[in-house]
Amino acid sequence: MKQVIRLRVNGQLHEIYTAAHKTLLEVLCEDLDLTGVKHGCELGECGACTVLVDGTPMLACLALPIELQGREITTVEGMARGTELHPLQQSFAELGAAQCGYCTSGMLLSAKALLDREPDPTREEIREALAGNLCRCTGYTKILDAVEKTVNSDQ
Amino acid sequence: MNIIGKRLPKVDSWDKVVGATKYAGDLSLPRMVHARILRSTMPHARILNVDVRAAQELPGVCAVITGRDVPIKYGILPSSQDEEALCVDKVRFVGDPVAAVAAIDPETAERALELIEVEYETLTPVLSIPDALDETRDAIHDEAHADHHNIHKLVALEFGDLAAGFAQADYVLEDTYFYQGNTHLALEEHAALAAYSPDGHLTLWSSTQTPHYVHRALAKTLELPPSRIRVIAPAIGGGFGGKTDPFAHEIVACKLAMLTGRPVKIMLNREEVFYCHRGRHPVLMWVKMGVRSDGEPTALHFRTMLDGGAYGSYGVASTYYTGALQTVTYKIPAYKFEGMRVFTNKPPCGPKRGHGTPQPRFALEVHLDKIAQHLGLDPAEYRKRFVVDDNTKTVNHLTITTCGLRECIDKVVEASGYQKKKDEGGRMKDEINPAHSSFTPHPSSLRRGLGLACGAYLSGAGLPIYWNDMPHSGVIVKVDRSGGVAVFCGSTDIGQGSDSLLAYIAAEEFGIDVRDVRVVTADTDLTPVDLGSYSSRVTVMTGNACLEAIRPLKEKILDTAAEKLMVPAESLSFRKGEIVCEDDDARRLKWNEAVVLAETKYGTLSGTGSYKPPKRAGPYKGSGVGVTPSYSYSACAAQVSVDIETGQVKVEKVWIAHDAGRALNPLLVEGQTEGSVYMGVGEALMEEMTYRGGLHKTPSLLDYKSPTTLDMPEIHTFLVETLDPEGPYGAKEAGQGPLLPVPPAIANAVFDAVGVRIDETPITPEKILKALSDTSSSAEKTKGRAPRVGPKDFPQAPYPEPIRVEPPASAPKLR
Ligand code: FES
Ligand code: FES
């Protein structure tokens, strides 16, 4: 059963005619071609599909777009302003926090939500904020370093 | 050097942080249809009938295939061609592919699978090593694929005089160990997209670490000329060895594309990825080591039993690897290795980071810790005394070029405060400080310990997987009037940064900006063959090939520049976008102008380079496994706290030192080292593949435990830079070796903390509590040994008479 859904993603309003049972993950990747959103389980276990809904991290594989009409959804594609990278993106790239890069968009968005809420988190708070995002490549060290560096260079 | 040795971002970082990188699952083509695979629900059964009629009739279904449509067997090793893209006559594990559907959308394909009826005749499942040795159980494969019944492979090798070695020993320790199987769990689930054109060209995009081997498997199973098959590996979302076999879903997608004339996409879900597996073999080990009273090894006898799962995969190599590298860290004058791999009705094991070597390394390093403790020796000093020397050979004919292990040990000992923290008895002094721990309600029940272990790994396998004398790695470099450089290579970047290394090398050699280099990789149509991202081969092999490809180009460019500047070519060098005369700074030419001159004089500018590792295999069958251009070395100190009431182990800190030769980019080498430590922590404490009656107990990310940010300790990384003559600029491997010392360092730290030996992984709270409760019971104590949890005995296995091999002249000798 298809129907029209109105979704605001990265500041742009989309009218999408799609199956009502599709998850936000599927709609973002398949209908809006925002393939920066990743998936590692489709069951809410890995954090790869993390997006922000009104600034709060949400797992796109568990969310239904139909319930998110009127909310503001941010994906990794919405982090940079034009060609100017978000400071987190800059430090992730510079410090080697993205190895295979598959967890990166989820990590960036979880970290962004943290910094928007708490501009000066401790390393422990960063660990806690990213605890729902699995990364199999980095051992998390360079990811924590990159978030910390962003915090410090902001001051 | 301007680029090499600098902490630069990877060339693909920018795309990755904005979400622009395309992985196989992100690709789509017009008219694309979607495939799903029906998998066996039986661990071991004959297929009597597969009825696909109802599925075929479902509206939206484009094609349904079964084993009869793709019957040709394949497998990564030429000696193990035992897999079928879809099972023909029998299924061998729960998850084995049986049939496949292509349909207009994934939901329709899924519904069609439910309409397929498979009739099975159950066979007795073989689920463990003892099951496999029981000949009354049904054989999983026919004789052609096994050494004997359900024994896939048997190996026995003996180097030097083992009996004399044990006779000279003052102390002989025998023990058994078990290293549990676990899986890669790359975050990206495997995906593939196949397209077949009417003129007979097949293209496959796939998340694979080895496009070249997939290319070969497709040609074989689909009976197509390899010249008309193109395999492309887009960005890969992590591999760790889990994407190095050719897989059923790749063949299936291609076959369905050929049948339907439409592009076919297949995306595995996480459960299916668990069934693809090819992960760490569970290995049961028996170790007997003889030493003199100062700890000097006199003889080592090592037995392994690998539970291989349902198919061969890399298993023959894995079996040899469980015995190959014991000799490359410490001087061993006499060595015997007996290995066996069995087939069982479980997902096939294969190569995971460290391929077959973390298991014996765990056993060996724990064993050494026990010996040191028995003899009252400091585990660090003790190991250092017997570390192998540069430019020597081991007793089993492996060549050591450079070894930075002593320095690695020094680094972690110093940084961890190892000596200071230990009392005279070698145990960690400071009782836990409750103020430091936030995680436990019983701070007084915490005990802290510090453990040490070492390891070594290959910088690439010395032999290719299929026998041939061609290059292992090829590179083409093109330079043109734009000033741009393009590097073409078949290698596959799985996140480790291999694309970046090629760009760094070209930029370094030509003295230009990294951004002026484009790298084109992992496309069998466009790039020269590279065998793939496995065995930690890429930096050394593609790096050397790249340097060779660049050399003639540099000569041409310098030659024309020299004519223009009227100076000898030898006086010129490449410097920051210019060609500069060393004797006369004023004589200089812009890089772009120099390229234009060279293109004018010589025509189109390109260079090719090839790399083949040195031929070093010893004079015996099986000697090809373990040889490599160079070995990397690492040492690890781990500090843990153990809660004696809950058995909970927390790894508080890890110090790791890694000899990666020259670090071409220290940032990336550290990243590989930290990632290896992470994976080692997971394997030591929680990761395991467990089954009930052939059913995987935890095929999801939630149930299969892996470390999160909260489980990971702070990692302190030290790079020890030996300059190895075999590597580009002296580089060795970094991606796998640093995993090896981590699990035994943690096991040794647990012993230090609570005085019990956990001789198997994962080291779980249950095992700790069990060992602690044994403290009072006396069985081990009467033998003067610490309480332990580990395998009780080692089954009888029909190991053959060993092949006896004379050690090389420069090998360690018995006194
Ligand atoms: S894909 Fe959503 S949490 Fe894993
Ligand atoms: S960078 Fe590969 S999963 Fe995090």
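# Exercises on rings, helices and burial

R216(B) lies over the face of Y466(B), 3.4 Å from the ring centre. The model used in these exercises is predicted.

**Exercise 1.** Find which ring face K288(B) lies over, and at what distance from the ring centre.

Solution. The ring is that of F166(B). K288(B) is placed at 4.3 Å from its centre.

**Exercise 2.** State how many aromatic pairs the whole structure holds, then classify the pair Y213(B) and Y534(B) as stacked, edge-to-face or tilted.

Solution. 
1. Over all chains, the search returns 13 aromatic pairs.
2. For Y213(B) and Y534(B), the ring centres are 5.8 Å apart and the planes stand at 50°.
3. Planes under 30 degrees apart would be stacked and those over 60 edge-to-face; at 50° the pair is therefore tilted.
4. Y213(B) belongs to helix 6 (residues 211–222) of chain B, while Y534(B) is in the loop between strand 21 (517–521) and helix 15 (538–565) of chain B. The pair therefore ties together parts 321 residues apart in sequence.

**Exercise 3.** Decide whether Y213(B), Y534(B) and H215(B) are buried or exposed.

Solution. 
1. The cut-off for buried is under 20% relative accessible area.
2. Y213(B) has 4%, so this residue is buried.
3. Y534(B) has 12% and so counts as buried.
4. H215(B), in helix 6 of chain B, has 13% and is therefore buried.
5. With neighbours within four places in sequence left aside, the contacts of H215(B) are P226(B), I229(B), V231(B) and T524(B).

**Exercise 4.** Describe how helix 2 and helix 5 of chain A pack, giving angle and axis distance, orientation and handedness of the crossing.

Solution. 
1. Helix 2 (residues 87–94) and helix 5 (residues 141–153) of chain A pack at about 135°, and their axes are 8 Å apart.
2. Angles over 145 would count as roughly antiparallel, and 65 to 115 as roughly perpendicular; the two helices of chain A are therefore oblique to each other.
3. The crossing of helix 2 of chain A past helix 5 of chain A is right-handed.
4. On the helix 2 side of chain A, the residues in contact are P87(A), L88(A), S91(A), F92(A) and E94(A); they meet I143(A), A146(A), V147(A), K149(A) and T150(A) of helix 5 of chain A.

How values were computed
Residues are numbered from 1 along each chain as its sequence is written. Chains are lettered from A and ligands numbered from 1 in the order in which they are written. This is a predicted model: local features need pLDDT of at least 70, side-chain atom pairs count only at pLDDT 80 or more; totals for chains, interfaces and linings use all residues. Side-chain values use heavy atoms; hydrogens and water are left out. Rings of Phe, Tyr and Trp (its six-membered ring) pair if their centres lie within 6.5 Å; planes under 30 degrees apart count as stacked, over 60 as edge-to-face and the rest as tilted. Helices (H or I, at least four residues) and strands (E, at least two) are DSSP runs, numbered from the N terminus. Buried means under 20% relative accessible area, exposed over 50%, partly exposed in between (1.4 Å probe, protein chains only). A charge sits over a ring if NZ of Lys or CZ of Arg is within 6 Å of the ring centre and within 35 degrees of the ring normal. Axes are lines fitted to C-alpha atoms, for helices over the stretch in contact, and angles run from 0 to 180 degrees between N-to-C directions. Angles under 35 degrees count as roughly parallel, over 145 as roughly antiparallel, 65 to 115 as roughly perpendicular and the rest as oblique. A crossing is left-handed if the near helix is turned anticlockwise from the far one by less than a right angle, and right-handed if clockwise. Contact means heavy atoms within 4.5 Å.
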